[in-house]
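Please take a look at the model below. The report that follows goes through its sheets, its helix packing and its DNA contacts.

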Protein chains: 2
Amino acid sequence: MAAVDRADAVFAALADGNRRRLLALLGERGEASATELARGLPVTRQAVQKQLGLLADAGLVSTRRDGREVLYRPTPEPMSDAVAWMAEVGGQWDDRLAALERRLARSRG
Amino acid sequence: MAAVDRADAVFAALADGNRRRLLALLGERGEASATELARGLPVTRQAVQKQLGLLADAGLVSTRRDGREVLYRPTPEPMSDAVAWMAEVGGQWDDRLAALERRLARSRG
DNA sequence: GACATTAGCAACTAGTTGGTTGCACATCAG
DNA sequence: CTGATGTGCAACCAACTAGTTGCTAATGTC
């Protein structure tokens, strides 16, 4: 199933705490550039850019060019694949996962 | 929030494809030893044992001793912390994204 | 045009990690 | 007791990764 391959990328992308923090930051601001994000973090712009690149590969962020800036925004659709995997593997034991999955899926239409 | 720390461990544990395969296998069989699992995989028992150890650290499997065998079984409860993180952050994104859409739409006229 | 700011790319380093081999210990069957 | 099977632990290795520095190119401001 294709969702599994995608889940692979999503889990790998979410495996790093700094990347999850970046995602959370992006969630708060809605949109931000790598330089902007790096300002509030103890790492260089290049490091942030690398991580954003990985997140983009997983489909978790998309970019928009505005003049000389590149703005990143979160695109949470792929997370439902990861949730789907967890729901499938852990589903036999708990239907809370299924409920959460429905909520997440619904929020993205 | 404590759930975040736990989510950290869970995401890290699920980041590896072989570990997820192990979890899926355990889900199918219900219970299995490291040696048993390694028989069907192209890796050594020790490698499987290491991975199961990581899964156990994340609370995703538990062990039971039966004679000279150690049987592993899945305990997917901790996955709900990871799902909770995704639901929380994802939900936040939705709000922000909606606001951003409105703002962009307005500014574009 | 001159200057400042931002993005993009490449090379390098330190640390992590998944896997291996090798060996010692434990348990069961004959 | 003996041989077979299974677990536990440690050292080692190759690959990957997150971060850095250093540079060039592009865009905006004066």
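## The sheet of chain A

Strand 1 of chain A runs antiparallel to strand 3 of chain A, and two bridges join them. Strands here are DSSP runs (E, at least two residues) and helices are too (H or I, at least four), numbered from the N terminus. Two strands count as paired if DSSP finds at least two bridges between them. A:S33 has A:L71 in strand 3 of chain A as its bridge partner. Helix 2 of chain A packs on this sheet and touches strand 1, strand 2 and strand 3 of chain A. Its direction makes about 95 degrees with that of strand 3 of chain A. Contact means that the C-beta atoms of two residues, placed from the backbone, lie within 7 Å. Axes are lines fitted to C-alpha atoms, for helices over the stretch in contact, and angles run from 0 to 180 degrees between N-to-C directions.

The sheet of chain A is open, with three strands in the order 1-3-2 and antiparallel pairing. Strand 1 (32-33) and strand 2 (61-66) of chain A are the edges; each has a single partner strand, so one side of each lacks a neighbour in the sheet.

## Basis of the model

This is a predicted model: local features need pLDDT of at least 70, side-chain atom pairs count only at pLDDT 80 or more, and totals for chains, interfaces and linings use all residues. Residues are numbered from 1 along each chain as its sequence is written, while chains are lettered from A and ligands numbered from 1 in the order in which they are written.

## Chain A overall

Chain A holds six helices and three strands. From the N terminus on, its elements run α-α-β-α-α-β-β-α-α. Of the 109 residues in chain A, 39% are buried. Buried means 20 or more other C-beta atoms within 10 Å of a residue's own; 12 or fewer is exposed, and in between is partly exposed, with C-beta atoms placed from the backbone. Take the contacts in chain A between residues at least 6 apart in sequence: 52% of them join residues at least 24 apart.

## Helix 2 against helix 4

In chain A, helix 2 (residues 17-29) and helix 4 pack at about 80 degrees, their axes 10 Å apart. That makes helix 2 of chain A roughly perpendicular to helix 4 of chain A. The cut-offs are 65 to 115 degrees for roughly perpendicular, under 35 for roughly parallel, over 145 for roughly antiparallel, and oblique for the rest. From helix 2 of chain A come A:N18, A:R19, A:L22 and A:L23; they meet A:V48, A:Q51, A:L52, A:L54 and A:L55 in helix 4 of chain A. The residues of this contact are six nonpolar, two polar and one charged. Ala, Val, Leu, Ile, Met, Phe, Trp, Tyr, Cys and Pro count as nonpolar, Asp, Glu, Lys and Arg as charged, and the others, Gly among them, as polar.

In chain B, helix 2 and helix 4 also pack at about 80 degrees with axes 10 Å apart. Helix 2 of chain B is thus roughly perpendicular to helix 4 of chain B. The contact of these two helices of chain B has six nonpolar, two polar and one charged residue.

## The sheet of chain B

Chain B has an open sheet of three strands, order 1-3-2, with antiparallel pairing. Strand 1 of chain B pairs with strand 3 (residues 69-74) of chain B over two bridges. There, B:A32 stands opposite B:Y72.

Strand 2 of chain B pairs with strand 3 of chain B in the antiparallel sense over six bridges. B:D66 stands opposite B:E69 in strand 3 of chain B. The two strands form a hairpin with two residues between them. B:G67, in the turn, has a positive phi of about 65 degrees.

## The DNA surfaces

Around DNA strand C lie 19 residues, with A:S33, A:T35, B:T44, B:G67 and B:R68 the closest. A residue is near a strand if its C-beta atom, placed from the backbone, lies within 6 Å of it. Helix 4 of chain B gives the largest share of this surface, five residues. By class, the surface near DNA strand C has five nonpolar, eight polar and six charged residues.

DNA strand D also has 19 residues around it; A:T44, A:A47, A:G67, B:S33 and B:T35 come nearest. Here helix 4 of chain A gives the most, with five residues. The surface near DNA strand D divides into five nonpolar, eight polar and six charged residues.
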